[in-house]
Amino acid sequence: MTQQLKNIRIILINTTHPGNIGSVARAMKVMGLDQLHLVTPLKFPDAQATAMASGADDLLHDAIVHDSLDSALEGVSLVFGTSARLRTLSMPQMDVRAAAERAVVESQQHEVAILFGRERHGLVNEEMQRCHYLLNIPTNPDYSSLNLSQAVQVLSYELRVAALGESGITSEPVDYSPVDSSQMERFFEHLEQSLLDTRFLNPAQPKMLMARLRRLYLRARPDQNEINILRGILAASQRACEADFDKPESPADDA
Ligand code: SAH
């Protein structure tokens with residue numbers, strides 16, 4: 001079972017209370033998850049974390065601390081973000097149960113991550129825009145926010161249930177391998193630069209263009225070949241555009 005969940009990592013962003021990190025470790029271990037990644041925790045390691053982990057301190061010991069989300073997402077090809085309130089309605093959303101099933105199936109082929117936000121502010125937009133899907137645990141609309149470790153507990157439980165259901169290998173294998181998060185980020189940088197070079201993107205008025213394009217390409221989940229083609233198209237249009245801008249005005253224009 002733990003074997004089936006081994007490629008699923010839980011990423012906590014900027015956690016304030018070390019006790020929550022310990023409770024998360026416990027919530028994970030009890031469901032057979034063991035990949036804990038921490039992005040800039042306020043205090044870690046810490047005695048409160050160890051106390052709350054109550055026997056899951058091996059997860060704390062093995063937890064990987066990162067100084068950026070980029071680093072925590074290295075090698076990850078499917079990213080889910082969790083949110084107490086789905087304010088960003090434009091982001092694709094998935095039901096928690098369906099997401100857990102998808103995570104278990106895909107994790108047999110590549111790394112999957114689930115992001116959890118700050119106790120106070122959750123995830124910021126830029127972090128949500130790294131996600132393929134946002135997940136919301138249905139709660140009382142008048143009191144919707146779970147404690148961080150409780151949210152991890154619910155997700156971890158769903159992952160375990162999904163893994164139990166998967167033990168008979170009932171799902172279709174994923175027959176292609178989407179590129180990982182850092183390759184997608186390099187693609188987005190290239191895309192933005194070429195939109196600037198071709199003057200499609202006005203830096204004075206970027207509006208929501210990049211956010212919308214991120215959503216489009218994340219939905220498509222390109223593989224290595226497809227990313228190479230897309231980057232080739234961008235490079236060719238940059239070259240064509242450069243040549244065009246360098247060309248002297250035609251004599252007819254001067255007349
Ligand atoms: N005030 C914050 C709540 C943060 S709770 C906000 O409104 O976003 C800390 C983290 O726990 C969240 O970032 C999210 O990762 C998780 N969480 C809490 N309640 C959740 C819910 N109902 N569904 C999904 N994730 C939840």
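This is a short exchange about a predicted model, in which each label is tested against its cut-off.

Trainee: Why is His-37 called buried?

Mentor: Its relative accessible area is 5%. Buried means under 20%. So His-37 counts as buried. The residue sits in strand E2, residues 35-39.

Trainee: What makes the link between His-37 and His-66 a polar contact?

Mentor: The two side chains are joined at 2.8 Å. The limit for a pair of N or O atoms is 3.5 Å, so the distance qualifies. Beyond four places in sequence, His-37 is also in contact with Arg-9, Ile-10, Ile-11, Leu-12, Ile-64 and Ala-72, among others.

Trainee: How do you know that Glu-111 and Arg-9 form a salt bridge?

Mentor: Their side chains meet at 3.4 Å, N to O. The cut-off is 4 Å, so the pair passes. Side chains of opposite charge can pair when their charged atoms come close.

Trainee: Which parts of the chain does that pair link?

Mentor: Distant ones. Glu-111 belongs to strand E6, residues 111-116. Arg-9 belongs to strand E1, residues 8-13.

Trainee: Are Glu-111 and Arg-9 buried or exposed?

Mentor: They get separate labels. Glu-111 has a relative accessible area of 24%. That falls between 20% and 50%, so Glu-111 is partly exposed. Arg-9 stands at 9% relative accessibility. That is under 20%, so Arg-9 is buried.

Trainee: What makes Arg-118 and Glu-127 a salt bridge?

Mentor: Their closest N and O atoms are 2.8 Å apart. That is within 4 Å, so the term applies. Arg-118 has a relative accessible area of 17%, and Glu-127 has 10%. Each value is under 20%, so Arg-118 is buried and Glu-127 is buried.

Trainee: Why is Glu-185 with Arg-130 said to tie together separate parts?

Mentor: Begin with the bridge. The Glu-185 and Arg-130 side chains meet at 3.0 Å, N to O. Glu-185 lies in helix H8, residues 181-197. Arg-130 lies in the loop between helix H6 (125-128) and strand E7 (133-135). The parts are 55 residues apart in sequence, so the pair ties them together. Both Glu-185 and Arg-130 are buried.

Trainee: What makes this a network?

Mentor: Shared partners do. Salt bridges join Asp-70, Arg-130, Glu-185 and Arg-214 into one network. The whole structure holds nine salt bridges.

Trainee: Which residues touch the most other members of the largest nonpolar core?

Mentor: They are Ile-8, Ile-10, Leu-12, Leu-36, Phe-80, Phe-116 and Leu-159. The core has 39 residues. Helix H7, residues 148-166, supplies the largest share, seven residues. Another core, of 15 residues, lies apart from it and includes Ile-11, Leu-73, Leu-115 and Leu-123.

Trainee: What does Ile-8 touch beyond four places in sequence?

Mentor: Its contacts include Leu-33, Ala-103, Val-104, Val-112, Ile-114 and Leu-159. Gln-35 and Ser-107 are also among them.

Trainee: Why are Ala-63 and Ser-23 called buried?

Mentor: Ala-63 has a relative accessible area of 13%. Ser-23 has 15%. The cut-off is 20%, so Ala-63 qualifies and Ser-23 qualifies. Ala-63 lies in the loop between helix H3 (57-62) and strand E3 (64-66). Past four places in sequence, Ala-63 touches Leu-36, Leu-38 and Phe-44. Ser-23 is in helix H1, residues 18-29.

Note on methods: Residues are numbered from 1 along each chain as its sequence is written. This is a predicted model: local features need pLDDT of at least 70, side-chain atom pairs count only at pLDDT 80 or more; totals for chains, interfaces and linings use all residues. Side-chain values use heavy atoms; hydrogens and water are left out. A nonpolar core is a set of buried Ala, Val, Leu, Ile, Met, Phe, Trp, Tyr and Cys residues joined through side-chain atoms within 4.5 Å. Buried means under 20% relative accessible area, exposed over 50%, partly exposed in between (1.4 Å probe, protein chains only). Helices (H or I, at least four residues) and strands (E, at least two) are DSSP runs, numbered from the N terminus. Contact means heavy atoms within 4.5 Å. A polar contact is a pair of N or O atoms within 3.5 Å; within protein, one must be able to donate a hydrogen and the other to accept it, and residues adjacent in sequence count only if both atoms are side-chain atoms.
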